[in-house]
Amino acid sequence: MYFFLSPACISALYPPNEVIDGMKASKCRDVRQKYHILYPYNQKKSDVKMNKEILWLDGELADSRANQNLFDHALHYGTGVFEGIRVYSGKPFLLEAHMVRLLASARSIGLECPFGVDTLAAGALRLIEENRCRDSYLRPLMWVGGPQLGILPRENAARTAILAWDWPRLFDADAADLGITVTTDVPFRRPPANVYPAGVKATAGYMTAMLNRRAAVSRGFDDALQLDLEGNVAEVTGANIFAVVDGALVTPAPTCFLNGLTRQTIIALAKAVGNGCIERTVTVDELSRAEEVFVTGTAYEILPIRRVDDRKYQVGQVTKRLREAFFALSSGSDVISTALEEYSI
Ligand SMILES: Cc1ncc(COP(=O)(O)O)c(C=O)c1O
């Protein structure tokens, strides 16, 4: 249950863009305590401490709880784009590639970002240092700010932030070894490219994913396996999918979903250390006779699937080999990096 506050009350609690560049962690804690009223009051304090205290906002460091604006266009119409970046042992993985994709997503919804890749990457590195991130998750976000609330934003501010979390597990601890369960029996299909721009990582695109995930979880599955409009395999709610069918690694072509950076890395790794990967239509029928199935994404990393609806799978050798290569790469292995150079994403 949440406390509900009037807009006037919230703006008194949340001074706009309270910049705290150089603020010490103890001071940040004071600021956080001041705002604790907005935590759900039946939630343990420890549950809400995942987010780091400092964020990067429009070019400067700021307190992570001091920025709310009810007149931001994005809050009303979902006009935002974002990224997720893993930090392994203090080092961000594929930092520049994620920032490049963020700016591409922003351009495609008409958002002019005043910062380039270098500034955003430097901001992310500063944030990692200030928050002492080790195994963490960064969330770069660009959105259409206020003040106008017409559907077509005309003189609205372009806002940019990077948030940081200590990394919470996405699924149970044993999911990485045993795999997750997914169901195709969910209400929404992935929209085709002429209904929604597939390659844009935009906040507005996640409503159907959220509803599908909710439907799957309510029926005891970990996630939803979403199909395309024709009923072929597309992706799970936050990750791409691969299968080993008749001994060959296959993955659906990204016509109606994000061409994940992890997906591209796995395709390159499969060429460098395996037998390659074929991008093509994958039917549900084929999936039901696949030998192995796994999903890939920044948050999910490489997770085996152990069940699709009633069909059960073992974690196979191809999944294990690619997982090992992926983690070697993300922890900075020279051997894997060199093998990958030829197929670099
Ligand atoms: C809907 C969706 N598909 C796929 C992915 C995988 O993309 P990436 O590997 O770049 O994280 C993500 C995560 O960003 C996602 O949200």
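This section describes the confidence, ligand shell, helix packing and backbone geometry of a predicted model.

Across the chain, the predicted model has an average pLDDT of 85, and 83% of the residues reach a score of at least 70. Residues 1–49 form a stretch in which pLDDT stays under 50. For this stretch the model has 42 contacts beyond four places in sequence. Where pLDDT is low, predicted coordinates should not be read in detail.

The ligand is surrounded by 15 residues, of which G260, L261, T262, G297 and T298 are the closest. Two or more residues of this shell come from each of the elements β11 (239–245), α8 (261–273) and β14 (292–297). The most is given by α8, which contributes three residues to the shell. By class, the shell around the ligand consists of eight polar, five nonpolar and two charged residues.

Helix α8, which gives the most residues to the ligand shell, also packs against helix α10 (residues 317–330). The axes of α8 and α10 are 10 Å apart, and the angle between the two helices is about 105°. Because angles of 65 to 115 degrees count as roughly perpendicular, α8 is described as roughly perpendicular to α10. On the α8 side the contact is made by T265, I266, L269, A270 and V273, and on the α10 side by R321, L322, A325 and F326. The contact of α8 with α10 comprises seven nonpolar residues, one polar residue and one charged residue.

A further helix pair is formed by α4 (residues 95–108) and α5 (residues 117–130), whose axes come within 9 Å and cross at roughly 125°. The crossing of α4 past α5 is right-handed. In α4, residues L95, E96, M99, V100 and L103 take part in the contact, meeting V117, L120, A121 and A124 of α5. The residues of the contact of α4 with α5 include eight nonpolar and one charged, with no polar residue.

Two features of the backbone are also noted. The peptide bond joining G146 and P147 is cis, with omega at about 5°. P147 is located in the loop that lies between β6 (136–144) and β7 (158–166). E301 has a positive phi of about 60°, although this residue is not a glycine. E301 is part of strand β15, which spans residues 301–308.

Methods. Residues numbered from 1 in each chain as written. Predicted model: local features only at pLDDT ≥ 70, side-chain atom pairs only at ≥ 80, totals over all residues. Near = placed C-beta within 6 Å. Helix = DSSP H or I, 4+ residues; strand = E, 2+ residues; numbered from the N terminus. Nonpolar A, V, L, I, M, F, W, Y, C, P; charged D, E, K, R; others polar. Axes fitted to C-alpha atoms, helices over the stretch in contact; angles between N-to-C directions. Parallel < 35°, antiparallel > 145°, perpendicular 65-115°, else oblique. Contact = placed C-beta atoms within 7 Å. Left-handed = near helix turned anticlockwise from the far one by under 90°. pLDDT = per-residue confidence, 0-100.
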